Amino acid sequence: MVRVYVESYGCTRNKADGEIMEAILLKAGYELAESPDSADYVVVNTCAVKDPTEHKMARRIRELIDSGKKVIATGCLVHVNPDVIDKRVSGMLGVRSIDRIAEAIDVAERGGKLVSVESWKERKVDKLELPRLWKSGVVFVVPISEGCLNACTYCATRFARGVLKSYKPELVVKWIKEAIARGYKEIQLSSEDTGCYGFDIGTNLAKLLDEVTSIEGDFRIRVGMMNPNHVLKFLDELIEAYQDPKIYKFLHLPVQSGDNEVLRRMGRNYTVEEFEEIVREFRKKIPGLNLNTDIIVGFPGESDEAFQNTVELVKRVRPDKINVSRYSQRPGTIAAKWKQLPGWKVKERSRVLHRLRLQVAYEINQAYIGKNVEVLIHGPGEKGGVEGRTFNYKEIILDGGSPGEIATVRVDWAGSTYLRGK
C-alpha cells in the first residue's frame, strides 16, 4: 500500500488544509505514514509569506527528493513563486486544488504529473464541505474564510488565496459542534483576515461569534488576525461579542507601521490614529486584553523619522506581543519594484524594535505575578511541565495538569514571552 505523509508549514489554516488532504487520502485508500522517513510520498504544504520562508520550502522539497522520496508540492508557494520548486516534484496543487490530492498521487503512480493551480476566480468548493481528519488533542482549527479584501503592496499571499470567500455560518457552527462533541476544548477561528469575514455574504465576524458562543459546552474561542480597516466598520458590535466568557481576551490587530505615510505606501487603508482608537475602545471594555500586533521594518521609503514614529507608537500603545518582520521583497508585488533600504539599516531597526518589544512584554507580564488566572491546559510543554493558555491567551507553564482541563492557577514567575504558575 502506498504510504503518504502530509507536512504543513505556516499559518493555522494551512494546518487545516493539511488535515483535509489527509482525510481525502484515507478515503481514497492510501495509508498515512507517521513520518517522512516511512512514507513513499511526502506532501509538502508550503508557505510563501517571506523570502526566507520561500527558501526554506524550496530547500525542504529538494532534500526530500534527494533522499529518494516522491514529493507533491501544495500550498501558497505553488502560486507565489513556482519557479523555485524543484522540477523533479511528482505533482503540484494550488490552495484551491487540495481536493485533488489523491488524484495527484494516482497520476504520479502511473508515471504522470498533475499540475493544478487554479486562480481564485475558478474556486469552486467550500472547504468546510470537504472531509477532515480528526486527531486527538485540545485545539481544533476552523477556517471561516479564504482570501481577503485588502491589496497590500508587499503581500504575495493574496496571489494564492485571492479575494474573500466567506464560508457559510451554518457550516462553521456545524464543525465547531462536532469538534466539541469529540472533546476539543479550544476552537481557533482561522482566516487570512477574520475582520472582513462575512462582508461578501451579508454578515460579519461579530454575528458569527454570537452564534458560536451560543453553542452549549465548556470551550474557548481564539479569534485569528483581523485588519484594522475592517474592524472599524463594526467596532462596537465586535467588542460586545468579545465580552462573552467563551472568547479569549486576545486581539491580533496588525499595525505594520507607526507612520501614516508608510501605511499609505503599504496600501493598508487605515491610519495610526484609527489603530489606536480600536485599541483604546477594546481596552475600555475588555479587562486584561492581550494585544498582539505585527510590524514590518525596513519597508521601501521608511525614513529614520518614520521608523521613530513606529518606536513611539510601541511606547504609547504597549502591545503585549509584537511580531517583528524585516521587509521581504515578494515576487509580483508593487513594493518589490521600489528602491529598497540597505540591509544593514533594516537589521539595525529590527534589533532596536526587538529589544523594545521584549522590554515592554516583560514589564506587562511582571504585573501577572501573584495573580490567579484561569488556564486551559493544552498538554506537555516544550519548556518543560505542561503548557496552557490563560483567559487572554498568554502562554503559561505549569508543573502538572491534564490536557483539556480548565484550572485556576497562581502566577509565580513571568518573562517576556511566557508565564509560570502553580
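The sulfur of cysteine 155 lies 6.1 Å from the closest cysteine sulfur, that of cysteine 152, and this is too far for a bond. For cysteine 196, the closest cysteine sulfur belongs to cysteine 148, at 6.4 Å, again too far for a bond. A disulfide is taken as a pair of cysteine sulfur atoms within 2.5 Å. Across the whole structure, the search returns 0 disulfides. Cysteine 155 is partly exposed, with a relative accessible area of 21%. Cysteine 196 is buried, at 0% relative accessibility. Here buried means under 20% relative accessible area, exposed over 50%, and partly exposed in between, with a 1.4 Å probe and protein chains only.

The model is predicted: local features need pLDDT of at least 70, side-chain atom pairs count only at pLDDT 80 or more, and totals for chains, interfaces and linings use all residues. Residues are numbered from 1 along each chain as its sequence is written, and side-chain values use heavy atoms, with hydrogens and water left out.

Threonine 153 sits in the loop between β8 (145-146) and α5 (157-161). Helices (H or I, at least four residues) and strands (E, at least two) are DSSP runs, numbered from the N terminus. Threonine 153 is buried, with a relative accessible area of 9%. Its side chain reaches the backbone oxygen of arginine 265 at 2.8 Å. Such a polar contact is a pair of N or O atoms within 3.5 Å; within protein, one must be able to donate a hydrogen and the other to accept it, and residues adjacent in sequence count only if both atoms are side-chain atoms. Beyond its neighbours within four places in sequence, threonine 153 is in contact (heavy atoms within 4.5 Å) with Arg265, Met266, Gly267, Phe299, Thr333, Ile334, Ala335 and Trp338.

Two strands pair if DSSP finds at least two bridges between them. Parallel strands β7 and β10 are joined by 5 bridges. Phenylalanine 140 stands opposite isoleucine 187 in β10. Proline 143 has serine 190 of β10 as its bridge partner. In β7, 4 of the 5 residues are buried.

Helix α6 (residues 169-181) has 13 residues. At 1.5 Å a residue these should span 18 Å, and the end C-alpha atoms are 18 Å apart, which agrees. The expected span is 1.5 Å times one less than the number of residues. The buried residues of α6 are Pro169, Leu171, Val172, Val173, Trp175, Ile176, Ala179 and Ile180. Their cover includes β7 (139-143), β10 (186-190) and α7 (205-213). Glycine 183 follows α6 and has a positive phi, near 100°.

A further open sheet contains 6 strands in the order β2-β1-β3-β4-β5-β6, with parallel pairing. β2 (31-32) and β6 (114-116) stand at the edges with a single partner strand each, so one side of each is left without a neighbour in the sheet. Strand β5 (residues 91-93) pairs with β6 in the parallel sense over 3 bridges. Leucine 93 has serine 116 of β6 as its bridge partner. Helix α1 (residues 12-27) lies across β1 (3-8), β2, β3 (41-46) and β4 (70-75). It runs at about 170° to β1. Axes are lines fitted to C-alpha atoms, for helices over the stretch in contact, and angles run from 0 to 180 degrees between N-to-C directions.
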